[in-house]
Amino acid sequence: RSLRSGECSMALAGGVTVMSTPQVFLDFSRQQGLAADGRCKSFGAGADGTGWAEGAGFLLLERLSDAVAAGHPVLAVVRGTAVNSDGASNGLTAPSAPAQRAVIRAALADAGLGASDVDAVEAHGTGTRLGDPIEARALLDTYGQDRSAPLRLGSIKSNIGHTQAAAGVAGIIKIVEALRHGVLPRTLHAETASPHVDWSAGAVSLLTEPAAWPEGQRPRRAGVSSFGVSGTNAHAIIEEPPAAETVEPTHSGPVLWALSGHTPEALRGQAARLAGVVADHDAADVGLTLGSARAALAHRAVVLGEHASAVRALSDGAESPEVVAGT
């Protein structure tokens with residue numbers, strides 16, 4: 001939202017969890033909220049509690065128009081987001097289905113989409129007997145209605161455990177990778193869906209096996225849920241990026257490469273190092289990088305010529321007739 005309002009041009013968003021003490025294990029053990037084998041069996045019949053994990057993940061965000069203009073690779077698009085709190089609820093460990101339904105509908109409204117426009121949901125899915133059925137019912141009530149193809153449901157917690165503050169960003173990274181590979185991964189330890197959920201109440205299908213996620217007539221999309229123990233609920237809708245335009249090099253004739261160093265020896269050293277790596281790169285791209293992304297130091301040289309001749313000039317140690325040197 002800061003990007004949309006122009007408050008910033010780039011942002012880092014993510015989370016980190018490092019469990020430096022056993023306190024969180026002790027607390028949830030007393031509540032009988034830990035899985036006996038340490039595995040999250042998200043939405044599975046054998047769900048018996050969560051399994052903790054450590055993790056760290058970050059995303060670099062910028063406005064799509066800025067990223068495209070700058071030529072930055074776009075891995076995915078944040079189409080819509082929403083956050084709410086369940087307010088008065090049944091207690092600290094009891095999720096609120098009405099609040100979860102509300103945050104999903106708010107995210108869809110923010111994205112300008114209907115529920116059937118979303119193919120899959122990366123759920124919070126901690127693998128608890130209480131939380132999973134409540135979340136599943138909220139998904140059935142929202143995404144599971146009025147659609148021709150079932151919503152595909154999964155949770156990365158079955159793979160890596162519950163990384164707590166890093167769980168939300170882990171889910172988004174999973175969806176980004178699923179978009180890149182065209183496959184929705186299966187949810188582990190959930191061969192049989194939970195009997196505590198009425199799966200016939202809507203078109204939602206648990207990913208007990210990998211499912212192909214091919215490109216179609218519209219962009220592929222997935223919702224990602226992350227819920228806090230304090231009652232905060234967040235939902236984001238992630239969309240595949242627009243196809244990148246292929247831009248062919250338009251330069252012709254000589255190119256200009258600017259080099260510099262603190263000393264004459266450093267200048268010649270940079271020329272020799274560069275000569276070993278530039279032969280397989282576009283000459284204009286090399287010139288742009290040298291001119292815009294490196295400091296202009298005291299001793300300088302300019303290589304002028306065709307790509308091949310410029311490489312030979314660099315290999316000569318910036319001393320050929322095609323090089324103009326100065327300080």
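**View 1. A82 meets strand 10.** A82 has H235 in strand 10 as its bridge partner. This is a predicted model: local features need pLDDT of at least 70, side-chain atom pairs count only at pLDDT 80 or more, and totals for chains, interfaces and linings use all residues. Residues are numbered from 1 along each chain as its sequence is written, and side-chain values use heavy atoms, with hydrogens and water left out. Strand 3 (residues 77-85) and strand 10 run antiparallel, joined by eight bridges. Strands pair if DSSP finds at least two bridges between them. Strands (E, at least two residues) and helices (H or I, at least four) are DSSP runs, numbered from the N terminus.

**View 2. The hairpin of strands 9 and 10.** Four residues lie between the two strands. In the turn, G231 has a positive phi of about 110°. Seven bridges join strand 9 (residues 221-227) to strand 10, and the two run antiparallel. S226 stands opposite A234.

**View 3. Strand 10 is largely enclosed.** Six of the eight residues of strand 10 (residues 232-239) are buried, so the rest of the structure largely encloses this strand. Buried means under 20% relative accessible area, exposed over 50%, partly exposed in between (1.4 Å probe, protein chains only).

**View 4. The largest nonpolar core.** This core has 24 residues. L108, Y143, L153 and I237 have the most contacts inside it. A nonpolar core is a set of buried Ala, Val, Leu, Ile, Met, Phe, Trp, Tyr and Cys residues joined through side-chain atoms within 4.5 Å. Helix 4 gives the most to this core, with five residues.
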